[in-house]
Amino acid sequence: MENARDLAERTPRSDRKRRDSFGMFDGYDSCSEESTSSSSSDDSEDEVVPSIPASLPIIKNNGQVYTYPDGKAGMATCEMCGMVGVRDAFYSKTKRFCSVSCSRSYSSNSKKASILARLQGKPPTKKAKVLQKQPLMAKLAAYAQYQASQQNQAKLKAVVAGESFDWGQYICSSNTVGAPVSCFKHAPMGTCWGDIEVGVRIEVPNSDTNFSTKVYWIAEIIKLAGFKALLRYEGFDSDTSKDFWCNLCIPEVRPVGWCASSGKPLVPPKSIQHKYSNWKTFLVKRLTGAKTLPPNFNDMVQQNMQFPFKKLMRVEVVDKNYLSRTRVALVEQVIGGRLRLVYEESQGGADDFWCHMYSPLIHNIGWSRSIGHRFKRSDITRKLDGQVDAPPQLFQKTKEVDQSGDWFKDGMKLEAIDPLNLSAICVATVRKVLADGYLMIGVDGSEAVDGSDWFCYHGTSPSIFPVGFCEINNIELTPPRGYTKLPFKWFDYLRETGSVAAPVRLFNKEVPNHGFRLGMKLEAVDLMEPRLVCVATVTRIVHRLLRIHFDGWEDEYDQWVDCESPDLYPVGWCQLTGYQLQPPASQSNREMSQSVPKQKKKAQQYKGQKKKRKIPVGRRPFSQAGRRRSSFSGDEEQSPPPYPAQGPARPRPRTHFHLTHKSESLLRMKEETAEVDEFTFSQGTSDQESNGSGSYYIRQEP
């Protein structure tokens, strides 16, 4: 036994710790054990745990013991290392030491000699000086406790003042699910969320305790909704009385084992404190083989919250009042990857525009000239101090295409999402072919004579579709304004206009395994007023196309977006980034909107330049702030209030008139002239996910 003890003393402490620890629970003991500080009976035999292949860390058990409370409150100072902590979390019945290692070190011969020398009035040795630090450590602990209490009070006041939207209660009350974080590759942690799932264990602050200082306990993920998780403390079993929702990316959420390595106490909730006589045995049984977060999870979150765009960077962005051209704008604010851009020459920064840094609406300086896009020159001749052009590598890259062969031609017909009315897919025309695969698209029947409302889409954009896409997928197609031959038939329209449908092979056929399902909740940008992020639901899935419904609003405000749109975010994104989330519209808002008399629509021909498409205002809800209706950018006709906008009520453009048009059978279109290709349309798959790029909605016959 003496030889074994000598060997242990000669072995480096780090090696001994690695050998006798309970994996991720270094430094925990069980106060319910009958052992004393000098006893070595705390070491148990190693348990053999079968290896579980998973990307998340597995909690292993090789005999380490824990520290847990015995019902007595108060603080204590370790007589060996001087660490101050909750008394009940200290080792042994006497609560003199914070861990087994301190107890054994204290009882060693060298320590005994130092203490004996101190009692005899001799100068203390270097090792014994730690005992003199106790009064200072105690004062520091008291000061830290006071600061913690003050911070907790400040946080409580802030919560009462804010009264933010409660995602957890909303999801539970409606019995819905949130879209997984992995569906949003552009969001923080979107590409490294991994196997975080139900059953993963984490360490979180224990709110069910009488301690004034922050203590932790282990919790299990019961349900996931984006970044938010429904948690249950270990030991509650099927009892849901203390379940709570928490954002997994906040700093207070830690992997199992963090408390041990950081010297933080683990304290069971007071509701179940005396439920088990031996917490060590309970936790060993419950946690062995379970998954926890990666050790560097919090570092990963911090890294993912760093964004390359900085204030005063210059970019080119679409002119919200003249869609067919771009302007220079300055980055004024960056929140979670979303940019508040202020147009150059703006007076007081009131002329702004919100978009994500991966939005197809922003480009590097010089982009417009390189592809032949319209551009509004600024009267500002030189950059101001601090202004710098955003590097081209910061912008989202588009797929390279070969325009030398078969490519889009001016006048070709297609179907496209109306950028001024995102709930509608309209009959559209290629008005101009630009360089690098870009196209200028105009919506038939609603164009300005000077083309000021043409919109730029890339040829691989998921927002343009081949002729017949809507009919095959049972989507309502908005015909040209003033077109009277209804129901609308593409074959007749092509013949009447003498135009050609764009070949199907030119369109984007890739359908990623996006993971979205019907009814999933998320946070989505209202693209008609893009400074607002709202509570939303996926109500329809057509391959990679999603129909987004804004909760509390009528279906006419829905928007079609791509599954990889940077304007969709997981539940909890606003809380994580500090962005203001717009809650669902209340019943009073809906009743108020219905009291507005409908305005009779008149078909008219657009002449000259116009800033926005005229949209009926019938049933549009009033804003409490009395704001006017929005344009494409969401910018009101008067100066917008400073962000964040408060309250759910917001002016939203109503959709254009729709003429119901349902498919009766498979559509087979043939054109007798040689100028029009021959198509065969096969039935597509609607309202469900379609994986892979081998199949598509429409087949074109050679």
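Does D237 count as buried, partly exposed or exposed, and at what relative accessibility? D237 counts as partly exposed, because its relative accessibility is 36%, a value that falls between the 20% under which a residue is called buried and the 50% over which it is called exposed.

**Confidence**

- The average pLDDT of the protein chain is 74, and 63% of the residues reach a score of at least 70.
- Confidence is highest in strand β25 (residues 568–569), where the mean is 98, and lowest in strand β27 (residues 679–680), where the mean is 36.
- Over residues 7–54 the pLDDT stays under 50, and for this stretch the model has 117 contacts beyond four places in sequence.
- Residues 62–73 also have a pLDDT below 50, and this stretch has 68 contacts in the model beyond near neighbours in sequence.
- Where pLDDT is low, the predicted coordinates should not be read in detail.

**Overall make-up**

- The protein chain contains 14 helices and 28 strands.
- Among contacts between residues at least 6 apart in sequence, 66% join residues that are at least 24 apart.
- The chain exposes about 33400 Å², and carbon and sulfur atoms supply 50% of that area.

**Helix α6**

- In helix α6 (residues 167–174), the buried residues are W167, G168 and I171.
- The buried residues of α6 pack against several strands, namely β4 (216–225), β5 (228–233), β6 (244–247), β21 (521–525), β22 (533–542) and β26 (581–582).
- At the N-terminal end, α6 is capped by D166, which has a side-chain oxygen 3.1 Å from the backbone nitrogen of G168, while N175, just after the helix, takes a positive phi of about 50°.

**Helix α9**

- Helix α9 (residues 297–304) has F297, N298, M300 and V301 as buried residues.
- The arc that they cover around the axis is only 155°, which puts them on the same side of α9.
- The buried residues of α9 pack against β7 (254–255).

**Salt bridges**

- A search of the whole structure finds 27 salt bridges, and one of them joins D237 to R286, with the closest N and O atoms 3.1 Å apart.
- This pair links distant parts of the chain, since D237 is in the loop between β5 and β6 and R286 is in helix α8 (residues 279–287), 49 residues apart.
- R286 counts as partly exposed, because its relative accessibility is 26%.
- K399 and E510 also meet through their side chains in a salt bridge, at 3.8 Å from N to O.
- K399 in the loop between β14 (388–389) and β15 (413–418) and E510 in the loop between α12 (490–497) and β21 are 111 residues apart, and the pair links distant parts of the chain.
- K399 counts as exposed at 52% relative accessibility, whereas E510 counts as partly exposed at 42%.
- D492 forms a salt bridge with R495, the closest N and O atoms being 3.2 Å apart.
- D492 and R495 are three residues apart in helix α12, so they are separated by about one helical turn.
- D492 counts as buried at 17% relative accessibility, whereas R495 counts as partly exposed at 47%.
- Through shared partners, salt bridges join R201, E220, E234, D237, K275 and R286 into one network.

**Backbone details**

- Most residues other than glycine have a negative phi, and most peptide bonds are trans.
- The peptide bond from L486 to P487 is cis, with omega near 0°, and P487 is found in the loop between β20 (477–478) and α12.
- D436, although not a glycine, has a positive phi of about 60°, and its place is in the loop between β16 (421–433) and β17 (438–443).
- N474 is likewise not a glycine and has a positive phi of about 55°, and N474 lies in the loop between α11 (469–472) and β20.
- D436 counts as partly exposed at 48% relative accessibility, and N474 counts as partly exposed at 48%.

Key:
Residues numbered from 1 in each chain as written. Predicted model: local features only at pLDDT ≥ 70, side-chain atom pairs only at ≥ 80, totals over all residues. Heavy atoms only, no water. Buried < 20%, exposed > 50% of the residue type's maximum accessible area, 1.4 Å probe, protein only. Helix = DSSP H or I, 4+ residues; strand = E, 2+ residues; numbered from the N terminus. Arc of directions from axis to C-beta. Contact = heavy atoms within 4.5 Å. pLDDT = per-residue confidence, 0-100. Areas by Shrake-Rupley, 256 points an atom, 1.4 Å probe, with all protein chains shown as cover. Polar contact = N/O pair within 3.5 Å; in protein donor to acceptor, adjacent residues only side chain to side chain. Salt bridge = Lys/Arg side-chain N within 4 Å of Asp/Glu carboxyl O.
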